[in-house]
Amino acid sequence: MSLFHSILLGLIQGVAEFLPISSSGHLAIAEQLLGVEGASEIPGFFDVLLHLGTLVAVFVAYWPEIRDMILEFFRGIGDLIHGTTPTPVPPARRMILLVIVGTLPLFVILPFKDWIEGLSSNLYVVGLALLATGCLLFASDRVRKGRKTERSTRMTDALLVGAAQALATCPGLSRSGTTITAGCFLGFERKFAVRYSFILSIPAVLGANILSLKDALEGTVTWSEVPVYLAGVIVAAVVGYACIRLLKMIADKGKFGAFAYYCWAAGLLTVILKFVKG
């Protein structure tokens, strides 16, 4: 892999992972329509590193909240040992429960993982999924602003957002766009919908990396290319952090319409080009 391709893939990962435009969909389009050979077949070890790079971006952007969750996790263990439960439950502890519940739907689709990943080779599916993402984002702008935060969100709400995240494993459906839209429809405060979406991605990304790390290491890892890989990882982390900050500002204004139009244009163009090329 060349340094240019490493940086390019890091840029795509950082932008599309967090902005609601679908990273998996864009990687499939890059390979099959734009002729970026192997874009959706990133070396396994590099793919793991790229996702860890964007995970670092989440930790940096939301470190105060994540730190409180880590501390509250250990306090919760202490309460279990001593048989005490604080009333009301601290917000950080409720957030831990919301993330756990929101992650459960991913286990339902785990047996279909290979089949879902195979859909990336069908650009009609990718294009239609991008059109659907645009519709979701357009609708989210028109939902009445909610007030739910980690203090008031129900576990059933978390389960439904988790189901949206599981659905968004389909290439072309944006994970962040689908989960944020689901949160808006369920009455989440927009800032909380964005924050919950990104923090919910942590166990999903870690789980996917753990599953793929063994296969990646068992494959042919060209250790001499690791410095080249790291350049892409740094780009993914820096660009990913910038995109999180951008999305947080956009969420404050409640305007995802620009991304909706982009997804419609990208999806429609993908379907047309695929039809023309046969």
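Visitor: In what order do the elements of the protein chain run from the N terminus on?
Guide: They run α-α-α-α-α-α-α-α-α-α-α-α-α, and the protein chain has 13 helices and 0 strands, where helices (H or I, at least four residues) and strands (E, at least two) are DSSP runs numbered from the N terminus. This is a predicted model, in which local features need pLDDT of at least 70 and side-chain atom pairs count only at pLDDT 80 or more, while totals for chains, interfaces and linings use all residues. Residues are numbered from 1 along each chain as its sequence is written, and side-chain values use heavy atoms, with hydrogens and water left out.

Visitor: OK, and how much of the protein chain is buried?
Guide: Of the 278 residues in the protein chain, 51% are buried, a term for under 20% relative accessible area, with exposed meaning over 50% and partly exposed in between (1.4 Å probe, protein chains only).

Visitor: Which residues of α1 are buried, then?
Guide: The buried residues of α1 are S6, L9, G10, I12, Q13, G14, A16, E17 and F18.

Visitor: Why does the span of helix α1 agree with what it should be?
Guide: The 16 residues of helix α1 (residues 3-18) should span 22 Å at 1.5 Å a residue, and the end C-alpha atoms are 23 Å apart, which agrees; the expected span is 1.5 Å times one less than the number of residues in the helix.

Visitor: And which residues are buried in α13?
Guide: In α13 these are G257, F259, A260, C263, A266, G267 and T270. Helix α13 (residues 257-277) has 21 residues that should span 30 Å, and its end C-alpha atoms are 30 Å apart, which agrees.

Visitor: Switching topic, which residues of α8 meet α10?
Guide: L136, L137, A139 and S140 in α8 meet G177, T178, T181 and F185 in α10, where contact means heavy atoms within 4.5 Å. The residues of this contact divide into 4 nonpolar, 4 polar and no charged, with Ala, Val, Leu, Ile, Met, Phe, Trp, Tyr, Cys and Pro counted as nonpolar, Asp, Glu, Lys and Arg as charged, and the others, Gly among them, as polar.

Visitor: Now V99, why does that count as buried?
Guide: V99 counts as buried because its relative accessibility is 9%, and its place is in helix α5 (residues 91-103).

Visitor: What does V99 touch?
Guide: Not counting residues up to four places away in sequence, V99 touches M69, Y196, I199, L200 and P203. V99 and A158 are 59 residues apart in sequence and 7.3 Å apart in space, C-alpha to C-alpha.
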